[in-house]
Amino acid sequence: MAGAWVSQGRYQWVGPRPLTRDVRPGSGMPGIALTSGSSLGVTVWDLFYVGLTIVVFAVLLLILKGIESFER
Amino acid sequence: MNDTLAGWLQFLFLFAALAACYVPLGNWIARIFTDKNHWRVERGIYKLTGIDPDADMRWSVYVRSILAFSLVSVLFVYLIERTQHWLFWAIGMANVTPDTAWNTAVSFTTNTNWQNYAGEATMGYLTQIAGLMVQQFMSAAVGLAVAIAMIRGFTRSRTDRLGNFWVDVTRGVIRLLIPLAVIGCLVLVAGGAIENFANYHAITTLSGAHQTIVGGPVASQESIKDLGNNGGGWFNVNAAHPFENPNPFTNIFIIFMLLLIPFSTPRAFGKMVGDNRQGYALVAAMVIIWACAVGGVTFFESHLGTAGVGPQLAHGAYEGVETRFGPHGCSLFAVSTTVTSTGSVDCFHDSLTPFGGGIALMDIALGEIAPGGIGAGMYGILVLAMVTVFVAGLMVGRTPEYIGKKIRPTEMKYAALYFLTLPVVILTMAAIAIGTHWGQSGILNPGPHGLTEIVYAYASQANNNGSAFAGLGTGATFFQITGGITMLLGRFAPEIFALGLAGSLARQAPTPATAGTLDTRTPLFVGMLVGVILILVGLTYFPALALGPFAEGLH
């Protein structure tokens, strides 16, 4: 496929460079990159989301336990 | 050939293809989950993971296994996304931001595949394959496993055991999803979809503009994306992209794939309960709702039902529609993706006419039981069938029984909890979004259309559909968090109630049919079931539908 395009214009191999386009209509944020760059380290947000996941699953487990006690 | 005839032929061809697969695939699904023997590769997996395949689980243990498996899956996918830049096959993509990474991890684990990002511009190949595609197999298998456990509630008596979750998931993946996905991938590649590991190319076009040509194992992800009712596309524009869905043949094949397993599962149900006519009754109700929805959306999107000079001259509402497929291809796809929990799109749902979009929203609000998502549609319609039997019992004084099991107050409490969960989650989240400035700041289209967009977004996420009506700033942290919570509650809370109901049924002794038992294999029951589904949904969502799409359409 690349060959067909080369003859029509200057061929350029894209190296490791992320695209930052976000035109998905659902995002409602056209032109804003959603990727974070490559900053190192665990952020507060990481801890928040891991904690939030555990909390939601704990709520689901509580619902299950509630039903079990209701069954008895 | 005129558009209307082409639309009819497309629908009839699809219907015939699905009908031809109903018996063989349904029988195969039933055989997979009733086979006493384990395949060698399955035994290897059980040995490797320390699973006792012969252990039978109580319903609550079955639920705990699902929750544990899904919790680990969310955290694993989140980890891959957050570290993809340092892993191999990143193709230069940066690490995904925490809110998008979490929302996406939840989305793919819950079989929703709601996407707040452009796939080709955000995810590296490792993330797409080891993170997202693996979950497209696993989450689909989890849904199917729950449906099978629910069916065992009818087939077993005087026991509290519903099978082994790990065995059911393994068999669903090994014996059903992988073989079908391989076939689907080959057909898509033959149809022109791309399948490679090439890096991205930047080219200069004839007019001097620059364009990036992306690559990737697209056909293989497209295949499981549709077969597993996932919906998460490789590309930002999903199945409207020519590399993912190149032509009308692949378009109809994709629609076929996303309807294939859900429409065949009632046959497996009939086979497992030993009465194929029970399966025919359920699939008939599913087909009626699906066909009516296709007819409705097609009417409003085609020149027959489109108001305005432009659409009339263009023979359809073409704005936001991929011209390779036209309004008929768009309508059939839009309905099929919303009555299942797929969420893949080949046209822009925000561009559907108000009533066409209203039907798409209604499809999702139905709880996706016609035919619904893989497994989820089956256990959803079984719960509604029990509600129908109960309502019929109240009306004519018949004994509420279904497939030899009594529908007692305990079963009805589970059914009510199951049915009420989704409206509570959807309407509460939508109300919070409308009532707070965090939610209001994301509304790009005020008025009835904006209301539709918000209700659609939460209905889509709670029902694990994943399609977006768009026009809403769901990339904001508020929508990422509330959306993620909605997806988790919408997926697992109903599964807890469905399995609790199955456990309650399994404990019962079988009840032989008497003269007072409602025959649930007749057209009368099918009609009642369709009526109960539409009335329940109509009553629940009517205010939102009236203030959103209906108000916009009548304006």
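**Note on the predicted two-chain model**

1. Strands E1 (residues 201-204) and E2 (residues 210-213) of chain B pair in the antiparallel sense over 4 bridges, where pairing requires that DSSP finds at least two bridges between two strands, and helices (H or I, at least four residues) and strands (E, at least two) are DSSP runs numbered from the N terminus. Thr204(B) stands opposite His210(B) of E2(B), and in the hairpin, which has 5 residues between the strands, Gly208(B) takes a positive phi near 95°.

2. On conventions, this is a predicted model, in which local features need pLDDT of at least 70 and side-chain atom pairs count only at pLDDT 80 or more, whereas totals for chains, interfaces and linings use all residues. Residues are numbered from 1 along each chain as its sequence is written, while chains are lettered from A and ligands numbered from 1 in the order in which they are written.

3. Chain A calls for caution on confidence: its mean pLDDT (the predictor's confidence in each residue, from 0 to 100) is 62, and 43% of its residues reach 70 or more. The elements of chain A run α-β-α from the N terminus on, and among them helix H1 (residues 2-6) has the lowest mean pLDDT, 34, while helix H2 (residues 44-71) has the highest, 95. Over residues 1-38 of chain A pLDDT stays under 50, although the model has 90 contacts beyond four places in sequence for this stretch, a contact being two residues whose C-beta atoms, placed from the backbone, lie within 7 Å. Buried residues make up 19% of the 72 residues in chain A, where buried means that 20 or more other C-beta atoms lie within 10 Å of the residue's own, exposed means 12 or fewer, and partly exposed is in between, with C-beta atoms placed from the backbone.

4. Chain B contains 19 helices and 4 strands. Its radius of gyration is 23 Å, close to the 24 Å that the globule rule gives for 555 residues, so chain B is as compact as a globular protein of that length; the radius is taken over C-alpha atoms, and the rule is 2.2 Å times the number of residues to the power 0.38. The C-alpha trace of chain B spans about 75 × 60 × 50 Å along its principal axes, and buried residues make up 59% of its 555 residues. Among contacts in chain B between residues at least 6 apart in sequence, 78% join residues at least 24 apart.

5. Leaving aside neighbours within four places in sequence, Ala502(B) is in contact with residues including Trp59(B), Ala149(B) and Leu162(B).

6. Helix H13 (residues 354-365) of chain B has 12 residues and should span 16 Å at 1.5 Å a residue, which agrees with the 16 Å between its end C-alpha atoms; the expected span is 1.5 Å times one less than the number of residues. Because 10 of its 12 residues are buried, H13(B) is largely enclosed by the rest of the structure, and what covers these buried residues includes helices H10 (276-301), H12 (326-339), H17 (448-462) and H19 (523-554) of chain B. Pro549(B) has its place in helix H19 and is buried, with 28 other C-beta atoms within 10 Å. Beyond its neighbours within four places in sequence, Pro549(B) is in contact with Pro354(B), Phe355(B), Gly357(B), Gly358(B), Leu361(B) and Thr452(B).

7. H13(B) is followed by Gly367(B), whose phi is positive, near 90°, and the peptide bond from Ala370(B) to Pro371(B) is cis, with omega near 5°; Pro371(B) is found in the loop between H13 and helix H14 (376-396) of chain B.

8. Two residues other than glycine also take positive phi. Arg158(B), with phi near 50°, is found in the loop between H6 and helix H7 (165-191) of chain B and counts as exposed, with 9 C-beta neighbours inside 10 Å. Asn229(B), with phi near 50°, lies in the loop between helix H8 (218-227) and helix H9 (248-273) of chain B, but counts as buried, with 37 C-beta neighbours inside 10 Å.
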